[in-house]
Amino acid sequence: MTDEVTLLSTTGSQYLSAKIATAYGKPLGELEVAKFNDGEMQPIIKQSVRGEYVFIIGSTFQPHENLMEMLLTIDAARRASAGYICCVMPYFGYARQDRKDQPRVPISAKLIANLLVEAGADRIMTLDLHADQIQGFFDIPVDHLKSQAIYIPYFDSQDMSNVTFASPDMGGVKRARDYAKYYERNVVICDKYRKRAGEIAGMTLIGDVEGADVILVDDLVDTAGTLCRAADLIMERGAKSVRAIATHPILSGDAYEKIEKSKLETLIVCDAVPLKQISPKIKVLSSAALFAKGIRKTHDNESISALFVGGK
């Protein structure tokens with residue numbers, strides 16, 4: 001295997017891959033995606049990758065073509081005798097389906113893991129998985145980067161003395177607690193109850209937010225129903241202000257309208273998923289530098305632990 005690095009990008013993630021390539025200091029490799037009239041696609045790597053480290057950058061957000069293109073590009077690289085294939089997936093689609101929570105449903109995150117490995121991936125690099133245990137679905141190394149490395153430098157430039165961190169549901173308590181521990185602040189929890197997926201039946205607030213500047217912490221925001229309801233509840237309980245961070249802005253349906261009508265002051269997201277429209281309440285921080293460092297350390301066989309933000 002050679003020491004040469006090739007960076008490839010799937011079509012839907014070109015906007016981010018270009019920034020990662022710039023931060024890494026190497027142009028993107030040539031990848032052409034031919035399409036048949038019926039919608040079938042055929043990725044064609046237009047340069048030799050024999051024996052090289054190949055990093056394929058692509059988030060697998062909807063539509064399904066993004067996942068299929070990633071799988072086909074892995075296969076193309078493997079059949080072109082790439083020495084090492086790492087899938088850089090800033091957003092890992094289907095991560096919310098990580099268990100059987102009712103009879104006769106798939107564990108889709110496990111199936112996607114199997115498909116990536118079977119296609120020929122040697123390593124996965126991703127950001128803020130919906131559940132940490134998804135790493136165990138893979139029998140290859142997984143570099144699970146955390147968005148704290150992006151958000152904490154941003155917050156360090158601000159006054160955090162009056163901040164209280166909040167989780168919009170019970171499942172996200174650990175994420176909120178990590179920030180609270182770093183800044184030595186308190187945590188509150190919004191406990192929600194769902195009748196069915198995407199529909200909240202009720203929500204209660206556990207903890208005191210009177211006079212506090214609250215920051216809600218989540219890994220992704222889809223319909224924005226939970227986040228906006230939590231923000232409104234927090235303000236009703238006497239908070240001075242409420243902001244939110246949510247790494248992956250899926251923002252489907254009328255999510256943008258909900259956010260703009262809510263009491264959220266700002267929603268801060270990463271660029272692992274592209275915004276569908278501009279909103280005055282949404283601020284985007286780039287993950288490009290973090291992934292560029294991760295790629296370099298992987299190629300150089302260095303530990304990536306330095307990329308994680310620890311306690312003070």
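I counted a salt bridge where a side-chain nitrogen of Lys or Arg lies within 4 Å of a carboxyl oxygen of Asp or Glu. The model is predicted, with local features needing pLDDT of at least 70 and side-chain atom pairs pLDDT 80 or more, while totals for chains, interfaces and linings use all residues. Residues are numbered from 1 along each chain as its sequence is written, and side-chain values use heavy atoms, leaving out hydrogens and water.

Searching the whole structure, I found 13 salt bridges. I looked up D98 and R99, whose side chains meet in one at 2.6 Å, N to O. I noted D98 as buried at 8% relative accessibility and R99 as partly exposed at 47% (buried is under 20% relative accessible area, exposed over 50%, partly exposed in between, with a 1.4 Å probe and protein chains only).

I then looked up D178 and K174, which form a salt bridge at 3.4 Å, N to O; because they stand four residues apart in helix α5, about one helical turn separates them. Helices (H or I, at least four residues) and strands (E, at least two) are DSSP runs numbered from the N terminus.

In helix α4, residues 148-156, I listed Q148, I150, Y151, I152 and F155 as buried. Among the elements covering these buried residues of α4 are α5, β11 and α8, contact being heavy atoms within 4.5 Å.

Last, I read in an unreviewed UniProt entry the annotation "domain: Ribose-phosphate pyrophosphokinase N-terminal" for residues 6-120. UniProt positions follow the numbering used here, feature names are shortened, and annotations may be inferred rather than shown by experiment. I found this span to be 33% helix and 22% strand, with its end C-alpha atoms 16 Å apart.
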